[in-house]
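Student: I would like to go through this structure piece by piece. Could we begin with a helix and the strands it packs on?

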Amino acid sequence: MQRRTVVVIVIVVLLVGLVVADVLTSSRKLDDYSSTDSPAARAAITRLLGGDGERAAQFELQRVPARPGLADSFGIGGTDGHVVLSGSSDVALVSAFGWWLKYVAGGHLSTNGDRIALPDAVPAPAKPISKHTKLTDRYAYNFTVFGYTMPYWTWTEWEREIDYLAASGVNRALVLVGQEAVWYDTFQSFGLSESEVRAWIAQPSLQPWQWYGSTTGYDPSGGVHAGPVSKELIERRAELGRLIADRMRSLGITPVFPAFIGHVPDKVFAQRNPDAHVIPQGGYSGQPRPYWLDPTGDLYSKVAARFYEVQRERFGDTTHYSNDLIHEGGELSGVDLGDAGRAVQDALTAAHPGAIWVLQAWQDNPMRELIDAIDRKRVLVLDLDADDGPLWKRKDKFWGAPWAWGTIQNFGGRLGMFGNLYEPGRTLPEIRKMGTGTRGNLVGTAMVMEGTHLNPVVQDLFGEMVWRENPVDLDSWITDYAKRRYGVDDPNLRDAWKTLLKTAYSFRATNHESGEGPHESPFVAPPSLKMTSASNWGPKEPRYPAEEFEPALRQLLAAPPSVRQLETYKYDLVDVTRQVLADRGRAKLVEIARAYEGKDVPALDRSTDEFLTYMTRSEELLGTQRDWLLGSWLRSARAWGSTDAEKAVLERDARGIITIWSEQACGVLREYANREWNGMISGYYKPRWERYFTELAATVEAGKPPTIDWCAAGREWTSQTTEYPSAPVGSSYDVAARIADELGL
């Protein structure tokens with residue numbers, strides 16, 4: 001009996017020892033480790049605290065060894081006024097802070113407003129917290145976000161963004177800013193003059209598609225995106241790109257640079273290098289693609305070597321490089337895809353031994369012949385749309401290549417309350433638990449929205465799922481989210497977010513069959529009585545019943561006065577009210593069509609006036625909050641110009657991408673990146689509808705609605721220089737409350 005007791009005691013002691021050892025990763029003294037306090041992580045935490053050095057000093061940061069079998073881990077412990085954050089990397093340390101802010105301090109970080117209100121002594125958790133992840137690659141950014149959201153950002157925006165990435169667990173991030181300088185230097189080494197290269201380089205908003213091989217700076221019409229870019233702009237953007245890459249490195253985020261896959265300056269390159277095998281690539285949505293230098297030819301390796309040499313000189317080294325062969329079309333013209341892929345990887349390896357080629361799973365890519373031909377161990381495949389149209393299932397888990405589960409959710413940066421919380425919150429953890437035979441070599445996640453800084457709840461949850469192994473109870477999570485975002489546990493705010501969860505954020509995977517992104521506002525669509533979507537790929541049917549969404553407005557308006565000046569609250573209130581007006585506008589458009597078909601002129605006049613009134617109310621509402629202003633977008637674009645002429649070119653660039661997209665692509669891509677912003681409604685969208693309704697009224701008897709060339713109207717608008725407000729005016733709450741009363745809510 002005594003021997004059994006001794007054995008039991010020994011076992012208990014051993015178990016307790018193991019638990020204590022794990023807990024102490026959150027609270028050991030710094031001297032127990034060979035590493036020191038991380039200056040980069042501490043600086044990021046201080047910035048995320050709004051520069052509050054006094055409270056930042058209350059955190060002890062400990063770098064701890066990575067635990068066997070784990071990619072990253074962090075712990076949170078300590079006492080009030082002395083919180084200990086431990087982490088196996090700087091990203092883990094900043095993520096520990098982000099988790100502490102959420103789940104210990106009840107604070108909130110987001111792309112659209114923070115809420116940080118801390119006591120004098122920062123609180124410690126009631127018991128130590130320990131989190132880890134087995135995901136080695138937590139990736140951020142679609143190429144397109146550099147055109148739809150970030151083309152005119154400065155260091156101010158980027159510094160905050162990088163800190164937020166780290167707090168979200170991201171350890172790989174695409175960097176396109178300034179990379180056009182690599183083209184500028186490279187092609188001058190192969191016979192082109194510097195002006196010829198500049199003429200080929202697109203203006204900032206379209207450069208992502210130039211890296212894809214979809215467009216160039218050439219614009220025979222002399223229109224919106226016509227080059228050449230200036231040398232000064234190239235150099236300023238390259239300087240910013242180097243700052244971004246260096247800051248990422250300091251925090252342990254691997255900058256992912258574009259790889260060279262053969263895009264060259266068209267006929268000019270071929271003329272200067274007559275022995276090169278240069279292949280025309282046809283068109284993309286009406287505009288010419290850049291030519292393609294055959295990677296299997298003799299010249300490719302020399303150009304690639306120079307490309308990577310220049311890239312290293314400009315931006316330093318990294319380990320991950322991204323680009324795709326035959327992205328959304330193009331011509332192989334007899335070149336074997338496997339041979340081309342092998343040549344691309346060989347050139348990358350020659351410049352950067354062991355480098356990882358990051359590929360995007362999108363449409364037909366990657367093809368099996370490519371994966372079979374290259375070293376798949378040095379590849380990372382991003383399944384961009386795994387939350388809606390997963391390719392990992394259709395492409396046999398990418399034939400053994402490491403892959404990351406991705407989410408796009410947003411296309412073109414189009415505004416509209418919409419998001420998929422179920423798939424990352426419930427489905428992703430289930431996939432992670434599957435055996436490798438079922439889900440393949442899953443090694444990471446990929447946050448690859450086409451546009452960001454909207455629907456912030458989506459990015460908030462996605463960042464958490466890196467550190468969660470089990471599915472989330474979304475009802476409970478959304479309740480906590482509302483409390484963190486507004487700082488109060490209010491029943492009306494809880495109900496508002498429950499309403500939003502069952503409507504705007506209830507979307508689940510449809511294998512990409514229901515359209516892309518939110519059901520778009522009718523206000524931003526080219527006017528038509530038969531309008532179903534503003535962009536060609538937008539959903540044709542509503543994502544949820546509008547009448548089930550509308551209660552969220554009154555629920556938000558019932559919030560206590562203490563939250564009404566918070567940017568988090570104002571952003572959400574404006575977004576919900578904007579969505580209600582847009583949904584009412586759709587219903588009103590049905591009435592307009594009915595009145596027109598019935599030749600009921602009084603009803604037509606009344607309903608068109610009401611539709612336009614909704615637009616007027618939207619314009620006023622959007623002008624009350626900082627994130628909904630066209631003026632800010634245009635002002636940031638012009639700020640990059642060195643001369644008045646360049647400022648004008650950049651303003652046209654900024655106007656073009658969110659309206660006609662480009663001169664030649666308007667027929668296909670117009671409104672793809674539509675923006676329901678203050679200034680856009682009064683300056684662009686409402687005048688279109690007013691013109692349409694005026695001409696419509698004159699055709700009632702004939703019964704043939706007017707046909708108007710909206711691309712021509714769009715081209716004209718892009719050349720204007722009207723200034724719009726870049727600072728909010730008025731009270732979001734007062735305007736939203738008045739609108740709710742007018743709508744009878």
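Student: Which strands does helix α13 lie across?
Tutor: This is a predicted model. In it, helix α13, residues 337-351, lies across β13 (320-322), β14 (356-361) and β15 (379-383). The helix runs at about 140° to β14.

Student: And what do β13, β14 and β15 belong to?
Tutor: They belong to a closed barrel of eight strands, in the order β5-β6-β7-β13-β14-β15-β16-β17, with parallel pairing. On average, neighbouring strands of this sheet are turned by 30° against each other, direction ignored.

Student: How many bridges join β6 to β7?
Tutor: Three bridges join them; β6 covers residues 172-174, β7 covers residues 254-258, and the two run parallel. Within this pair, Ala173 stands opposite Pro255 in β7.

Student: Changing topic to helix packing: how do α2 and α4 cross?
Tutor: The axes of α2 (residues 39-48) and α4 (residues 90-103) come within 9 Å and cross at roughly 30°. Angles under 35 degrees count as roughly parallel, and α2 and α4 are therefore roughly parallel to each other. The crossing of α2 past α4 is right-handed.

Student: Which residues meet there?
Tutor: From α2 these are Ala40, Ala41, Ala44, Ile45 and Leu48, and they meet Asp90, Leu93, Val94 and Phe97 of α4. The contact comprises eight nonpolar residues, no polar ones and one charged residue.

Student: Let us turn to charges. How many salt bridges does the count come to?
Tutor: The count comes to 48 salt bridges, taking a side-chain nitrogen of Lys or Arg within 4 Å of a carboxyl oxygen of Asp or Glu. One of these pairs is Glu194 with Arg198, whose closest N and O atoms are 2.9 Å apart.

Student: Where do Glu194 and Arg198 sit relative to each other?
Tutor: Both are in helix α8 (residues 194-200). Because they are four residues apart in that helix, about one helical turn separates Glu194 from Arg198. In general, side chains of opposite charge can pair when their charged atoms come close.

How values were computed: Residues are numbered from 1 along each chain as its sequence is written. This is a predicted model: local features need pLDDT of at least 70, side-chain atom pairs count only at pLDDT 80 or more; totals for chains, interfaces and linings use all residues. Side-chain values use heavy atoms; hydrogens and water are left out. Two strands pair if DSSP finds at least two bridges between them. Axes are lines fitted to C-alpha atoms, for helices over the stretch in contact, and angles run from 0 to 180 degrees between N-to-C directions. Contact means heavy atoms within 4.5 Å. Angles under 35 degrees count as roughly parallel, over 145 as roughly antiparallel, 65 to 115 as roughly perpendicular and the rest as oblique. A crossing is left-handed if the near helix is turned anticlockwise from the far one by less than a right angle, and right-handed if clockwise. Ala, Val, Leu, Ile, Met, Phe, Trp, Tyr, Cys and Pro count as nonpolar, Asp, Glu, Lys and Arg as charged, and the others, Gly among them, as polar.
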